Amino acid sequence: MVDGVRLYRGEWLESTHRIHAAVVDHSGKLLWHLGDAFRPTFARSALKPVQALPVVTSGAAHRFNLEGADLALCCASHNGEEVHRQRVAAILQAAGLSEEDLECGTHPPRDQESYHELIRQGESPTPLHNNCSGKHAGMMVTAVHLGEDPVGYSQGDHPVQQRILQEIACLSDMAANQMVAAVDGCGVPAYRLPLDRLAAIYARLADPSREEDLSRCQAMEQVTDAMVQYPEMVGGKNRYCTDLMKAFNGRLLGKQGAEAVYCVADRKEGLGIAVKVEDGAERVLYEAVNEILRQLGIGKDTGELDQLSAYTRPEVKNAKGDTVGRIESVFTLRVGEPVRW
């Protein structure tokens, strides 16, 4: 049987989505796994908390008076709601920049209310609506603070991206030249890591106090605290990242990446969890993450997973709103490290 999530139409199996997962402790030890725990995986936006670290370590956050909500926004794949757009604009303005300087491109906001308002006003989306605009704002203000030309900050050879690469390499215990790089949807480098290394990053984010580098430790604490204290800035209305962090009230830090990647830092147990749906289907991702948390005993008996019931075994509905099927997990986490594929 495939380790995955099944979609049933009526009582009949229609689709199966294979799931890969790794659960790692702070030392990098693989504790539980599913599928290929070493699968090379583009982390996409799941690396945003790491990409935000130089905003703090460089001193840019202090110089431009960035608050916790601003740092959370630097880690966001936001809805493009008004609160997100205004805050990104304010970050840029503090550094003498504007939305025209953003190199993330433009797409319609995920928030339908904001999108409908644009249509009513006869206006088009701007780079501020891009879900990555907060991350890009953080990158730019770091360049300005360090006296670097912000133009081209999204390119892999720019100092902004080189600093980020070093952070990823350090936290994953990989050499920078080992990492395959492509281009993300917003134009910055996208790095491919083995799934267990991605989980290891989140295990270290779960407990920054273990870091020997005091500057990195403090930055990791600031960024992770910001995300759990301002979860609405990380996603927005009706978003799993936001709802997960609200439900667990500071215990879990969660961040999604495109093509159905999800990472969790358990700040209580010091664990990192990385999940990849092999075919990139977001529709089954949250069910898979909730099931992994349930099998690990995280939020199962204390009520947090009950607050995420909308994402657990979700119903399949048709265009009229009738329930015509269901989505459910059919896997069991395995203990220990498997034979490498």
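Modeller: A polar contact is a pair of N or O atoms within 3.5 Å; within protein, one must be able to donate a hydrogen and the other to accept it, and residues adjacent in sequence count only if both atoms are side-chain atoms. This is a predicted model, in which local features need pLDDT of at least 70 and side-chain atom pairs pLDDT 80 or more, while totals for chains, interfaces and linings use all residues. Residues are numbered from 1 along each chain as its sequence is written, and side-chain values use heavy atoms, leaving out hydrogens and water.

Biologist: Which backbone oxygen does the side chain of H78 reach?

Modeller: H78 lies in the loop between α4 (68-74) and α5 (82-94), where helices are DSSP runs (H or I, at least four residues) numbered from the N terminus. H78 is buried, with a relative accessible area of 1%, because buried means under 20% (1.4 Å probe, protein chains only). At 3.0 Å, its side chain reaches the backbone oxygen of N130.

Biologist: How are α8 and α9 oriented to each other, roughly parallel or roughly perpendicular?

Modeller: Helix α8 and helix α9 (residues 195-206) have axes 8 Å apart and pack at an angle of about 90°, the axes being lines fitted to C-alpha atoms over the stretch in contact, with angles from 0 to 180 degrees between N-to-C directions. Angles under 35 degrees count as roughly parallel and 65 to 115 as roughly perpendicular. Therefore α8 and α9 are roughly perpendicular.

Biologist: Which residues in α9 do I168, C170, L171 and S172 in α8 meet?

Modeller: Contact means heavy atoms within 4.5 Å. By that rule, the four named residues in α8 meet R197, A200, I201 and R204.

Note on methods:
Helix = DSSP H or I, 4+ residues; strand = E, 2+ residues; numbered from the N terminus. Buried < 20%, exposed > 50% of the residue type's maximum accessible area, 1.4 Å probe, protein only. Parallel < 35°, antiparallel > 145°, perpendicular 65-115°, else oblique.
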